[in-house]
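Trainee: Please pick one part of this model and take me through it closely, with the cut-offs spelled out as you go.

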Amino acid sequence: MNRSTGVRKAVTLGATLTLAAVLSACSNGSSSAGGSKTVNWWTWDDKQAAAYKVCATDFEKANPGVTVKITQYNVADYFTKLTAGFVAGNAPDAFQNSVQFFQAYASQHQLMPLDDFIAKDKFDLSRFSVGVGAWKFTDGKQYALPLDWAATGLYYDQAALKKAGYTEKDVDSLNWNPDDGGTLGKMIAHMTIDEKGRRGDEKGFDKSHVKTYGYGEVAAKDFIGQVTWSPLVDTTGWRLGDRATWPTVFNYSDPRFVKTMDWVRSLTDKGYAPRIGQFTDSVSDIDLLSSGKVAMESAGSWEASTFVKIPGLKVGIAPTPYGPDGKTRAVLSNSNGNNIWAGTKNADLTWKWVSYMGSEACQSKASLTGTFFPSIPASMNASAKALAGKGVDLSVFTDMMKNKVLYPSPVYGNGAALQDALEPLFQAYFAGQKGDSVFSEMQSKSKQLLAKK
């Protein structure tokens, strides 16, 4: 998984650490001993772990005697192990981090500010297209270099689309509104097919026995909705926080948000999209499209190269729909950061590795896999060009950047607590156990938790 936020299966970081977790961190510890020439770097993403090994090899050749040890943990365990490492004094020298946990780690003084290194090496932060501002803390200091960036697109079964009577141009120019769903809503209904072959907009459609859903799971417990409802509601001008950075409240009771959530829930009520929790966590977006359980779905840009390589299935990639005005697209983009642990014994060597990871030379090589989007434009262009030669067209996403469709995810505090408090409420709403009044409750809870230091 390339993102730790805005995904259908989100991470939970417990407030307390068990002895087993601490011992696990000790046994897998990566803090370098004084004088060691080993740099330990952690990530939750198996694909980025593999991709950056290319950079590690080059770095080791350029720095004889230095070893870069890359360790990857499943995202469900990653942040617990990382926090346990802080407690045990045995965390990795550097690590991939999510903005969801930035405030907590910075407040606990577990992150090393990079400003002195940046000034000393005259490291130019303007090389990055996105993400720099997301890693500047309330003290004004820079705590990470951007590792990547992400966006959301529509992935669809090209044969199913053609059979339904639609063209590529139709799906590329979809529009949406919270009243009737616009052309997106009509396409979702028509692409839905029950077990007797009747489409969702045809007489006799049986919503209790659906063979293929027109759309993937958009009713999600994720409180940001990055790859689900966010690209829809954002076209109305709504934004998650009252401020772009360090918001004091999440705008869940905004009428535009409430109306959008009602429309999203109507898709499941009508049988056009899977209910929340209908498929187990082990069933991925790739599985749903490849098995024919869904005809199209919104998903992350980091999955593009995997979608288009599904055996026996031609998958198209389209931009997210225009909003109610027919001309506005809005896609949240976040950037994971590369932090240095404040307790590292090898600060200079670790910075040398982290800054190399933030170089065009490294990112251009690592991103040739197509499994993540590099933060440096020149590297992104190189990656897109290389993948185009392999039949993977990333122009939908690069156009989002060129056309300024992307906007940055807000940086906020107490991400783990917000997740724990808000996800059950989203889940209850989409399961039909709570009504619209839940959104005022969500907004109130967000205000309380965002105020905590």
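Mentor: Buried means under 20% relative accessible area, exposed means over 50%, and partly exposed is in between, using a 1.4 Å probe and protein chains only. Bear in mind that this is a predicted model: local features need a pLDDT of at least 70, side-chain atom pairs count only at pLDDT 80 or more, and totals for chains, interfaces and linings use all residues. Residues are numbered from 1 along each chain as its sequence is written, and side-chain values use heavy atoms, leaving out hydrogens and water.

Let's look at the open sheet. Its 3 strands run in the order 9-6-10, with antiparallel pairing. Strands (DSSP E runs, at least two residues) and helices (H or I, at least four) are numbered from the N terminus, and two strands pair if DSSP finds at least two bridges between them. Strand 9 (296-300) and strand 10 (315-318) are the edges, each pairing on one side only. From one strand to the next, the twist averages 35°.

Now strand 6, residues 152-157: 5 bridges join it to strand 9 in the antiparallel sense. Within this sheet, G153 sits opposite A299 of strand 9. Helix 16 (residues 395-402) lies across strand 6 and strand 10, at about 155° to strand 6. Angles run from 0 to 180 degrees between N-to-C directions, with axes fitted to C-alpha atoms, for helices over the stretch in contact; contact means heavy atoms within 4.5 Å.

Away from the sheet, S98 is in the loop between strand 3 (94-97) and helix 4 (99-107). S98 counts as buried because its relative accessibility is 0%.
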